[in-house]
Amino acid sequence: MLQGKNIILGITGSIAAYKAAFLTRLLKREGAQIKIILTPYGKEFITPVTLATLSGNTVLTDFFHHDDGAWNSHVDLGIWADIMLIAPATANTIAKMAGGIADNLLLTTYLSAKCPVVVAPAMDLDMFRHPATLKNLETLKSFGNLIIEPTTGELASGLEGKGRMEEPEKIVAWLEDYFKKKSRFNGKRVLITAGPTYEKIDPVRFIGNHSSGKMGYALAKTFADEGACVDLVSGPVNLNFTHKNVTIHPVVSAGEMDQQASALFPSADIVVFAAAVADYRPVRQENSKIKRTGENLTITLTPNTDIAAKLGGQRKCGQILIGFALESDNALANASKKLAAKNLDFIVLNQLNDPGSGFDVDTNRIIIIGKDNNQKKFELKSKQDVATDIADEIYNLMTHG
Ligand code: CTP
């Protein structure tokens, strides 16, 4: 999986820098091209000569060459790389990355990198569990950087605890897995409905719901990151999201969502119905504002098309269809009924009374219910991580049926 991959390996001033020599060798053996950036303190722990010999490339340590003034372009490095791996990453470098400090070539390259960045921390247990370090790692995650968690064991200080950099073989396996995942939906077209729908009452009022669209957008990002071409049919949401592999089709009402999703459905390989579609709309949609009269007001509602059920009835051989069920009572039974009624491959259940799940939060706890009614329960996770779990499940269906 690493054949032909361009990897920047950043090495910082940790005793674990000696492992970077093994790591370089293994990466090279797997067919990767490696350019190494060594921080000034990194040089105290491992020599550029060792690393240049193992990587087959000059090791970069400074912004420019002192003898002839040639510039090491951090911008070009950031563009060249398929991935930037910082291993070992000290607490100091992690803190500087989180704070946007740019006082060495590794940090300027990090700030310019267009590629994914992976960090393998290495430090003493007290440094690792210090709130400052934990907060900095959370900040890096919020930037989209990936963390290869350190392991627990004997540390250079002689203490035992969490802080040992992951072993080189495991880091290489992690990278292989990462690249495999990145391309697992290559060539697939994914259709996702997301967000709420608004059903017009009059020019200023509508019937809507509290859906934020976050789950559907997280799914769109996951599939797009992993190589799919995504059509995201989205109700009105307040999310800033663009991705080169995602086409957003904005809609307002359930009728518009139905029309757009139905047009895209025949070319989709995978369809995820993540929208909170209004089940009813007003029979009359007034063109003038309804005036207050002091009397009761009755608005008659008529059912909207159940988009998932309609398209579930039209599914072609090989298409994979997934739905969501947000339930307050008899959750499992209701979700199972929807799975069958809408002809889905599996349904993702989340429960309204479950703290941390549901609308307008960044987390979700799901149960995936399959056709044979088997249930898979997941921990409370960020919606982005939940999206990965759902994509994993879909990938399993694609590959094992
Ligand atoms: N759904 C849809 N079109 C609708 C209603 C629902 O495509 N008009 C989809 C949702 O996107 C979701 C699944 O159907 O994937 C279940 O939606 P949910 O609102 O939980 O269920 P309903 O079928 O609307 O049933 P109820 O509201 O009675 O629970």
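Which helix does Tyr 18 lie in?

Modeller: Happy to! This is a predicted model, where local features need pLDDT of at least 70, side-chain atom pairs count only at pLDDT 80 or more, and totals for chains, interfaces and linings use all residues. Residues are numbered from 1 along each chain as its sequence is written, and side-chain values use heavy atoms, with hydrogens and water left out.

Tyr 18 lies in helix 1, residues 17-29 (helices are DSSP runs of H or I with at least four residues, strands are E runs of at least two, and both are numbered from the N terminus). The relative accessible area of Tyr 18 is 47%, so this residue is partly exposed (buried is under 20%, exposed over 50%, partly exposed in between, with a 1.4 Å probe and protein chains only).

Tyr 18 also belongs to a nonpolar surface patch with Ile 15, Phe 22 and Phe 45, and together they have about 440 Å² of accessible area. Such a patch takes residues with over 30% relative accessible area and no salt bridge, joining nonpolar side chains within 5 Å and like charges within 9 Å; a salt bridge is a side-chain nitrogen of Lys or Arg within 4 Å of a carboxyl oxygen of Asp or Glu.

Helix 1 has a partner too: its axis and that of helix 3 (residues 48-55) come within 9 Å and cross at roughly 15°. Helix 1 is therefore roughly parallel to helix 3 (angles under 35 degrees count as roughly parallel).

Terms used. Areas by Shrake-Rupley, 256 points an atom, 1.4 Å probe, with all protein chains shown as cover. Axes fitted to C-alpha atoms, helices over the stretch in contact; angles between N-to-C directions. Parallel < 35°, antiparallel > 145°, perpendicular 65-115°, else oblique.
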